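Hello,

The sequence and coordinates come first, and my notes on them follow.

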Amino acid sequence: MSTETLSPEHQATIEEVGNLFAESGFGTPEVFAVAPGRVNVIGEHIDYNGGLVLPAAIDRWVHVAIRRRDDALVRLVSAQAPGKVEEFLASDDLAPQGNNWSNYIKGVVTGLKKAGFEVPGFEAAVISTVPVGGGLSSSAALEAVFGKAILTLLGEEMDGLDLAKLCQKAEHDFAGVPCGLMDQAAVILCEEGKLLMLDCVDDSFQHAPFEDPDWGLLIINSCVSHELSDGGYAVRRDGCHAAAKILGVETLREIDPAKLDEALAHPDLTEDMKRYVRHAVTEIARTLETVEALGQRDYALAGELLNASHASLRDDYRVSCPELDFIAKLAQAQEGVAGCRMTGGGFGGSAIALVRRDCVASLTALIESRYEAEFGIEPKIFETRPMGGTRAWKA
Ligand code: GAF
């Protein structure tokens with residue numbers, strides 16, 4: 001792998017991370033690796049319900065320069081935490097400490113060791129352009145980039161889905177977030193110009209082309225991150241799983257949308273569970289329909305489904321927030337916007353809009369000014385097209 005397939009801007013950041021590595025006294029990097037963030041087009045909060053999800057890798061990246069050491073010491077620097085060096089021993093029985101970003105790397109090192117790899121010490125420098133707290137999977141990208149970088153240092157390969165599962169476990173055990181597989185799968189398995197169709201019943205996946213000169217994906221980062229999102233996530237995940245048990249199914253995927261009312265009438269479901277089940281079952285159906293609609297370039301229908309997804313996440317699943325509701329409502333009302341919804345785990349983070357390219361500039365300006373006037377916060381808005389997944393190469 002070389003840097004040929006990377007944009008000039010991207011190549012400049014690779015150079016920068018090499019410089020950060022050298023300035024940190026680490027010498028010359030042996031391997032470079034990059035992992036993208038992801039945006040989910042539709043299929044929200046259903047990866048842990050056996051649903052089909054439809055993410056794409058985005059043009060925001062975690063860049064890493066890394067070099068193996070002769071001992072077990074790991075030393076990490078990040079442009080996001082200037083002047084600080086994180087250290088641990090790869091040979092230790094590792095455990096997470098506080099909220100430190102090195103927890104993700106400890107989780108990945110632990111996973112690789114469990115998978116039978118002899119992980120040596122290493123020095124690494126990180127530069128990330130994936131906004132933290134933006135709902136764009138900065139943590140999955142960090143896990144994936146280190147997984148791939150360490151494997152490449154060792155001259156080893158691992159199946160992409162297996163690496164995604166290893167990174168998911170790192171997130172569970174070292175960040176305490178009981179996430180589904182979508183984020184890690186997306187940042188590793190995505191291909192340029194395509195959406196990832198990950199079927200979480202059996203973790204099988206396909207790639208669906210999504211490239212249209214006239215239509216694009218706009219990401220609107222609300223730049224807010226509310227409340228205990230981890231706790232809210234776990235409550236919903238547990239609620240869905242408890243509801244599935246009551247309904248006698250393995251996952252909520254098995255509930256026929258035509259028989260949803262019948263399922264919701266079950267006397268043992270709590271009111272919260274009913275809302276979760278309604279969201280999950282309808283969202284699974286919407287995602288399947290969106291795949292069809294996008295395949296036929298029926299953007300009007302795809303947009304309606306995105307809008308319905310937002311309403312369901314807001315009213316039934318209750319993971320949206322006033323800022324995301326404001327963005328979605330404003331965008332949905334504009335010319336050239338097929339649809340707009342919150343994306344990712346929620347409680348802040350980003351929205352995604354399916355937009356006619358000739359309307360991107362005016363929509364961006366409108367949201368910037370109205371959002372800032374309403375909340376006093378400057379949103380970060382950018383267009384993306386589907387990018388390729390994590391990769392690493394020898395320097
Ligand atoms: C977070 C999780 F990490 C994903 O697994 C997924 O559940 C998502 O929220 C909601 O769709 O990003």
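In this chain of 395 residues, 50% are buried. Please keep in mind that the model is predicted.

Overall form

The fold is made of 11 helices and 13 strands. Along the principal axes, the C-alpha atoms fill a box of roughly 60 × 50 × 40 Å. The radius of gyration is 21 Å, which agrees with the value near 21 Å for a compact globule of 395 residues. As for contacts between residues at least 6 apart in sequence, 72% of them join residues at least 24 apart.

Domains

Where the two meet, 29 residues of domain 1 are in contact with 39 residues of domain 2. On the domain 1 side, β1 (31-40), β2 (52-53) and β3 (55-68) each supply at least two of the touching residues. β3 gives the most, with 3 residues. By class, this side of domain 1 has 17 nonpolar, 10 polar and 2 charged residues.

Ligand surroundings

Which residues surround the ligand? They are N40, E44, H45, D47, Y48, C179, G180, M182, D183, G344 and G345. This shell divides into 3 nonpolar, 5 polar and 3 charged residues.

C223 has a positive phi of about 60° and is not a glycine. C223 belongs to strand β9, which covers residues 215-225. Is C223 buried or partly exposed? C223 counts as partly exposed because it has 18 C-beta neighbours inside 10 Å, and 20 or more would be needed for a buried residue.

F347 also has a positive phi of about 60° without being a glycine. F347 sits in the loop between β10 (337-343) and β11 (348-356). With 23 C-beta neighbours inside 10 Å, F347 counts as buried.

Regards

Key: Residues are numbered from 1 along each chain as its sequence is written. This is a predicted model: local features need pLDDT of at least 70, side-chain atom pairs count only at pLDDT 80 or more; totals for chains, interfaces and linings use all residues. A residue is near a molecule or strand if its C-beta atom, placed from the backbone, lies within 6 Å of it. Ala, Val, Leu, Ile, Met, Phe, Trp, Tyr, Cys and Pro count as nonpolar, Asp, Glu, Lys and Arg as charged, and the others, Gly among them, as polar. Helices (H or I, at least four residues) and strands (E, at least two) are DSSP runs, numbered from the N terminus. The radius of gyration is taken over C-alpha atoms; the globule rule is 2.2 Å times the number of residues to the power 0.38. A residue is buried if 20 or more other C-beta atoms lie within 10 Å of its own, exposed if 12 or fewer, and partly exposed in between; C-beta atoms are placed from the backbone. Two residues are in contact if their C-beta atoms, placed from the backbone, lie within 7 Å.
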